[in-house]
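Here's a quick briefing to read alongside the model.

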Amino acid sequence: MKAAKLRAGSPVKPAPAGGDGFDAQLARFNPDLLKALHILTREGQINQDSRRKFKQVQHLLQFITPLLDETLERLAVQAQPRGVCLVDHGAGKSYLGFMLWNAWFAAHGGQVIGIEWREDLVRQSQALARRFGFEGMRFLQMDTAQAGQAGELEGPVDVVTALHACDTATDDAISFGLARAARHIVVVPCCQAEVASVLRQHKAQALRRTALSELWRHPLHTREFGAQITNVMRCLRLEASGYQVSVTELVGWEHSLKNELIIASRHPDVARRKSRERLTQIMDEIGLNDVQGRFAVLD
Ligand SMILES: C[S@@+](CC[C@H](N)C(=O)[O-])C[C@H]1O[C@@H](n2cnc3c(N)ncnc32)[C@H](O)[C@@H]1O
């Protein structure tokens, strides 16, 4: 146990020279941790599903670690003697949190807090963090919608993440990040059913009112367009609230259908009026006023 604790607490090893392949990436993590997360089998093998999960999280890590470096530097410049605090919404088994800890936080200190409403998963993650001695990791059992009011989450929050947090949990993560003026908000949305259901509800009126409704007339299109316009509105909401946003693919489509990565970094000085206007116009034109609150902009 002690050996596992020590190895897990040490920073990720650099990839072997010239080794940018899958095995080299895998070798950079503590194998005991990967086994405990069931990414590796007890024999140290990896199956197709775990391979996919590992690749997804590993890719996300590559996007997040420069943001953590930047945040840490900024804290040093501002003479704020504390580590980076990252809050992960809809943490599930906390693959992301544990791999981030192994890859970055173990070397730099700070906090990783996972929010998850399933008690079994929260207990499992708490036990794993204890076993490996990851003292800066905490797991809170709560609805992501409650995170903003949670006393346990007082204090500065620098980075907010949500990887495939179901439905509106991604929007809760964004609301939390905006309210806490997080430096970076990184989400890979899952399915979002709420907007599609509003489109479905008002479809007959929309078909009479605008030719644009052809975009969501067929049921399959209602779901797909609903998901796409949700992500568009998430980006506009972030921009209108003072963030610079980039949208990219997380991994190749063969690995995951829910593959859109939205990275938002706080720049309060950027112009935001146009994004706000566009967001309002889109909601008016498409008939989404019922969900206005979900995309509320921070003043
Ligand atoms: C698809 S899993 C993704 C888990 C993890 N982020 C990952 O990528 O491995 C979504 C997780 O979010 C949790 N979840 C969904 N909605 C939630 C909410 N409103 N509050 C808290 N947890 C939520 C679910 O219980 C589930 O564990």
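Predicted model: local features only at pLDDT ≥ 70, side-chain atom pairs only at ≥ 80, totals over all residues.

Residues are numbered from 1 along each chain as its sequence is written.

- His164 sits in the loop between strand 4 and helix 7. (Helices, H or I with at least four residues, and strands, E with at least two, are DSSP runs numbered from the N terminus.)
- The phi of His164 is near 55°, a positive value in a residue other than glycine.
- Asp167 is in the loop between strand 4 and helix 7 too, and its phi, near 45°, is also positive in a residue other than glycine.
- Asp167 is partly exposed because it has 15 other C-beta atoms within 10 Å.
- For context, most residues other than glycine have a negative phi.

- 7 strands make up an open sheet with mixed pairing, in the order 3-2-1-4-5-7-6. (Two strands pair if DSSP finds at least two bridges between them.)
- At the edges are strand 3 (137-141) and strand 6 (243-249), each of which pairs on one side only.
- On average, neighbouring strands of this sheet are turned by 15° against each other, direction ignored. (Axes are lines fitted to C-alpha atoms, for helices over the stretch in contact, and angles run from 0 to 180 degrees between N-to-C directions.)
- Strand 6 and strand 7 (residues 260-266) are antiparallel partners over 7 bridges; here Tyr243 has Arg266 of strand 7 as its bridge partner.
- Strand 2 and strand 3 run parallel and are joined by 5 bridges, with Val112 opposite Met137 in strand 3.
- Between them, the chain goes from strand 2 through helix 6 to strand 3 in a right-handed β-α-β crossover. (Right-handed here means that, with the strands pointing away from the viewer, the path from the first strand over the helix to the second runs clockwise.)

- Which way do the residues of strand 4 point? Val159, Thr161 and Leu163 point one way and Val160 and Ala162 the other, and all are buried.
- On one pairing, strand 1 (residues 85-89) runs parallel to strand 4 over 4 bridges, and Leu86 stands opposite Val159.
- On another, 5 bridges join strand 4 to strand 5 (residues 184-188), again in parallel, with Val186 of strand 5 as the bridge partner of Thr161.
- The chain gets from strand 4 to strand 5 through helix 7 (residues 169-179), and this β-α-β crossover is right-handed.

**Helix 7**

- Helix 7 is largely enclosed by the rest of the structure, because 10 of its 11 residues are buried.
- Among those buried residues are Asp171, Asp172, Ile174 and Phe176.
- The cover over the buried residues of helix 7 includes strand 1, strand 4, strand 5 and helix 10 (219-240). (Two residues are in contact if their C-beta atoms, placed from the backbone, lie within 7 Å.)
- Just after helix 7, Ala181 has a positive phi of about 50°.

**The ligand shell**

- 20 residues surround the ligand, and the closest are Gly90, Gly92, Trp117, Thr144 and Ala169. (A residue is near a molecule or strand if its C-beta atom, placed from the backbone, lies within 6 Å of it.)
- Helix 5 (95-108) and strand 2 are the elements that give two or more residues to that shell.
- By class, the shell holds 12 nonpolar, 4 polar and 4 charged residues. (Ala, Val, Leu, Ile, Met, Phe, Trp, Tyr, Cys and Pro count as nonpolar, Asp, Glu, Lys and Arg as charged, and the others, Gly among them, as polar.)

**Leu199**

- Leu199 belongs to helix 8 (residues 194-201) and is buried, because 23 other C-beta atoms lie within 10 Å.
- Leaving aside neighbours within four places in sequence, Leu199 is in contact with Trp216, Thr222 and Gly226.
- The C-alpha atoms of Leu199 and Gly287 are 7.3 Å apart, although 88 residues separate the two along the chain.

Definitions and conventions
Buried ≥ 20, exposed ≤ 12 C-beta atoms within 10 Å, placed from the backbone.
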